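Thank you for asking for a reading of this model.

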Amino acid sequence: MKKTEVSCILLITLIVFIKDSLLSEATFASNPVLDTTGKMIRVGSDYMVVPVRKDLGGDIGLAFIGTQVCPLGIGPRVIRESVDLNVEFTETYTICQHHSNVWRLDHYNPQKEDHMITNGGVKGNPGRDTISNWFKIVKYGVGYKFVFCPSVCNYCDVICKNVGVFVQNNGQALLALSNEPLEVRFKKV
C-alpha cells in the first residue's frame, strides 16, 4: 500500500482560550514557548511544527489514516508552557470541508489505549463537550512536546499522555498519544 499524504503548506495557528478561572498567577508565571529564533510564539501567528528528529520526516501536516479519508490525522497574547490550548492548521483543506482544522483525539475515551490525533475539533468552549480538543506545550529536551492532559473540565475523567508518532502498517507516520513524545520546535512563517 503506498503512502498517501495531503499536499499542503504545513502551517498551524496556536489558539489559546483561557477561562477566567484559569487566569491565575501560576498561569502567568509559566515560561513562554519560544520559536526557533528564541522569540515568544504568539496567538494568531503562523508557525511550522518541525520535529527535532529528522528521521521522522518533515513538518507536521494533515495526512490520510490508512484508507479513511476524513477526518485527517495530525497555532497578541503570549503562549505559555503547560496552558490548555487548541491547535489549528491555517491552510484550508478541500478534501474534508465538513471537518475543522482543529486538532482533537479521535473518538476520545479515557479507558481506551489507542488515541489518534485528527482534525475535526472544536475551537474554544472549554468544558466536557470539547475535552478532546485541548493540548499543552511543554519544554522537552532542546525543544518542546505536545501533551494531552486537559484541565478545562474539573469533573471530567481525563488521561495525561504525550503526543508521539504512531507508524501504521503501511509505514505512514501519524500523531497519536504515546509514551514516547515527539520533540518539536516552532518555526515562524
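1. Basis of the note. This is a predicted model, in which local features need pLDDT of at least 70 and side-chain atom pairs count only at pLDDT 80 or more, while totals for chains, interfaces and linings use all residues. Residues are numbered from 1 along each chain as its sequence is written, and side-chain values use heavy atoms, with hydrogens and water left out.

2. Overall make-up. The protein has 1 helix and 12 strands, where helices (H or I, at least four residues) and strands (E, at least two) are DSSP runs numbered from the N terminus. Read from the N terminus, the order is β-α-β-β-β-β-β-β-β-β-β-β-β.

3. Burial and surface. Of the 189 residues, 51% are buried, a term that stands for under 20% relative accessible area, with exposed meaning over 50% and partly exposed in between (1.4 Å probe, protein chains only). The protein exposes about 9600 Å², of which carbon and sulfur atoms supply 50%; the areas come from the Shrake-Rupley method with a 1.4 Å probe, and for residues only the protein chains shown count as cover.

4. Nonpolar cores. A nonpolar core is a set of buried Ala, Val, Leu, Ile, Met, Phe, Trp, Tyr and Cys residues joined through side-chain atoms within 4.5 Å. The largest one has 23 residues, and Trp103, Ile137, Phe146 and Phe186 touch the most other members. Two or more residues each come from strand 2 (46-51), strand 5, strand 9 (143-148), strand 11 (173-178) and strand 12 (184-188), and strand 9 gives the most, with 3 residues. A second, separate core of 5 residues includes Ile131, Val152, Cys153 and Cys156.

5. Salt bridges. The whole structure holds 2 salt bridges, each a side-chain nitrogen of Lys or Arg within 4 Å of a carboxyl oxygen of Asp or Glu. In one, Glu88 and Lys123 meet at 3.1 Å, N to O; this pair links distant parts of the chain, 35 residues apart, with Glu88 in strand 5 and Lys123 in the loop between strand 7 (117-118) and strand 8 (136-140). Glu88 counts as buried because its relative accessibility is 16%, whereas Lys123, at 38%, is partly exposed. Arg104 and Asp106 also meet in a salt bridge (3.3 Å, N to O), and both of these residues are buried.

6. His99. This residue sits in the loop between strand 5 (86-89) and strand 6 (104-105), and with a relative accessible area of 18% His99 is buried. Its side chain makes a polar contact with that of His98 at 3.0 Å; such a contact is a pair of N or O atoms within 3.5 Å, in which, within protein, one must be able to donate a hydrogen and the other to accept it, and residues adjacent in sequence count only if both atoms are side-chain atoms.

7. Cys153. Cys153 lies in the loop between strand 9 and strand 10 (161-167) and is buried, at 7% relative accessibility. Leaving aside neighbours within four places in sequence, Cys153 is in contact (heavy atoms within 4.5 Å) with Gly127, Arg128 and Ile131. The C-alpha atoms of Cys153 and Arg128 are separated by 5.8 Å, although the two residues are 25 apart along the chain.

8. Strand pairing. Two strands pair if DSSP finds at least two bridges between them. Strand 9 and strand 10 run antiparallel and are joined by 2 bridges, with Phe148 partnered by Lys161 in strand 10. Strand 10 and strand 11, also antiparallel, are joined by 6 bridges, and there Phe166 has Leu174 in strand 11 as its bridge partner. These two strands form a hairpin with 5 residues between them, and Gly171 in the turn has a positive phi of about 90°.
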